[in-house]
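The sequence and the structure are shown first.

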Amino acid sequence: MNGGRWRRSGKRLVASMTLALLFLVPGMAWGEGSLKFKPAFNLFKMQQDVQLGKENAEQIDKELPLVTDPQVLRYINDLGRRLASLAPNNNSEYVWTFKVINSSDINAFALPGGYIYVNRGAIMAAENEAQIAGVIAHESGHVVMRHGTHEVSQALLAQAPLAILEGILGRPGSLAAQLAAMGLLNSILLKNSRSAESQADEVGTYILYQAGYDPHAMAQFFEIVEKKYPQKTIQFFADHPVPENRIKAVDSEIPLLGPAKEWKTDSPEFEATKERLLSLPAPPRATPAPPASAGSSGPPPLPSSRLIKFEGKGFSIDYPDNWQVQQNEDAIALIPLGGIVEDAESGSAQAYGTSISRFQPPSSRQGNWGLVDATQELLDTMRLSNPNLRVIKQGGMKLEGRAALSTWLETDSPLQGQKERDLLVTTRQGDSLFSLIFIAPESLFDAYKPTFDAMLQSLELQ
Ligand SMILES: [Zn+2]
């Protein structure tokens, strides 16, 4: 990052320290130019970032509880716009809207095009204005570096040739719907890579400096809250994986930004906003998802579009953040609230969600074994407890570059009178068969399909 700067500032810089210092007076390219903030590969037009962000923001505004207090919103929008106006690669297309989610969890996220959400809990956890400015500056970094659509672009490119993609992206109509239909949008738009995090840190630190805040404040806030409130920051660090040597990286960037100044750290407005938030009714306990238990009417709430990572033994997979994890010795179930049905006769059964397990195919004892035969043996085992299980179709697929088999199944749902559709995906992992079953009643399978696709896409196998 800093190599380019020195090379550009003069061939004779190495000659002597004095000469170098002379170069460091006004005229020296400090800041944006020398730091080279350049968004990575992207298939989308800038206006499409805005469109995607807008469509997603509308969804989020419906799904998540927002703080509507005008004083709080005015403060966060004034601060946010002031910071965003200093962002590198800022574009007049960007919307720059700042909203506060009424949740005590410490989190913040950005949608493409300038839609930034900060949790009430993050504002309360910030010790001063510089720290919350750091959070907003970091999120602004994701926007101007176009990390959301960059990630989607990469995922798209892995699926289809460029020519086809350009056709799809050029079509009129809802982009989000088109991408959601490809099972891509929700899993990726908000998921930042570690390198995107480093870049958002760099941009955020740069913005803080330009705005006159202590540029250390952003990285410090992330460090402090992660240690101080591990339970409240899980989601933040799921969306924003911690870059390696975060503090060190930021510390080494700061001298490149310009001379040290009298940093601004706090403001009476920030303290007043915290007071104001304290005076409002406490935030609702959890993300509101109408509890739908078995026996009660209606299906579980639809899968949330926000995914979180489950780290299993030898694998990881993303799942909707309104689902729960149940583990026993031989399987891991990812289940929406109310996705388990209690049946007097057969005990409890999973009617919705995903079940992940490893199966030891009997044929593996003979050494050399095949995926198709092993999957058949698994199906035979499943039929013991589920005699009506029927294979509809089967085909080969790739899972992280490995040969895999997808098997579509139909059976009786544990929900009375309903048919169930299942997608079984199997692949070899060491000497066992790794299997995922995606489960929903037939009538709702299509509604769950984009989530199932996104989950499959996120699967990482060791
Ligand atoms: Zn981030």
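## Terms and basis

Helices (H or I, at least four residues) and strands (E, at least two) are DSSP runs, numbered from the N terminus. Two strands are taken to pair if DSSP finds at least two bridges between them.

The model is predicted: local features need pLDDT of at least 70, side-chain atom pairs count only at pLDDT 80 or more, and totals for chains, interfaces and linings use all residues. Residues are numbered from 1 along each chain as its sequence is written, and side-chain values use heavy atoms, with hydrogens and water left out.

## The β11-β12 hairpin

A hairpin is formed by β11 and β12, with two residues between them. In the turn, Glu400 has a positive phi of about 55°. Nine bridges pair strand β11 (residues 390-399) with strand β12 (residues 402-412) in the antiparallel sense. Within this pairing, Gly395 is opposite Ser406 of β12.

## The β1-β3-β2 sheet

Three strands make up an open sheet in the order β1-β3-β2, and the pairing is mixed. β1 (97-101) and β2 are the edge strands, each pairing on one side only. From one strand to the next the twist averages 20°, where axes are lines fitted to C-alpha atoms, for helices over the stretch in contact, and angles run from 0 to 180 degrees between N-to-C directions.

Four bridges connect β2 with strand β3 (residues 115-119) in the antiparallel sense, and Ala110 stands opposite Ile116 in β3. Helix α4 (residues 46-63) packs on this sheet and touches β1, β2 and β3, contact meaning heavy atoms within 4.5 Å. The direction of α4 makes about 35° with that of β3.

## The β4-β5-β15 sheet

Another open sheet has three strands in the order β4-β5-β15, with antiparallel pairing. Because β4 (307-312) and β15 (460-461) stand at the edges with a single partner strand each, one side of each is left without a neighbour in the sheet.

Strand β5 (residues 315-320) is joined to β15 by two bridges, and Phe315 stands opposite Leu461 in β15. Helix α18 (residues 445-458) packs on the sheet, in contact with β4, β5 and β15, and its direction makes about 155° with that of β5.

## The zinc site

The zinc ion is coordinated by His138 (NE2), His142 (NE2), Glu197 (OE), Glu197 (OE) and His240 (ND1), at 1.8 to 2.5 Å. Donors are N, O and S atoms within 2.8 Å of the metal (3.2 Å for Na, K and Ca); water is not among the atoms, so sites may look incomplete. The spacing of the donor residues in sequence is H-x3-H-x54-E-x42-H. Distant parts of the chain are linked by His138 in helix α7 and Glu197 in helix α12 (residues 194-210), which are 59 residues apart.

## The largest cavity

About 110 Å³ of space lies in the largest cavity. A cavity is a set of points, on a 1 Å grid over the protein atoms alone, where a 1.4 Å probe fits but cannot get out; lining residues have an atom within 4 Å of a point. Of the 15 lining residues, Ala110, His142, Leu189, Leu190 and Asn192 are the closest to the centre. β2 (108-111), α7 (129-144) and α8 (147-159) each supply at least two residues of the lining.

How values were computed
1 Å grid on protein atoms, 1.4 Å probe; cavity = no way out; pocket = protein on both sides within 12 Å on 5 of 7 lines; lining within 4 Å. Points joined across faces, edges and corners; volume = space filled by probe spheres on them.
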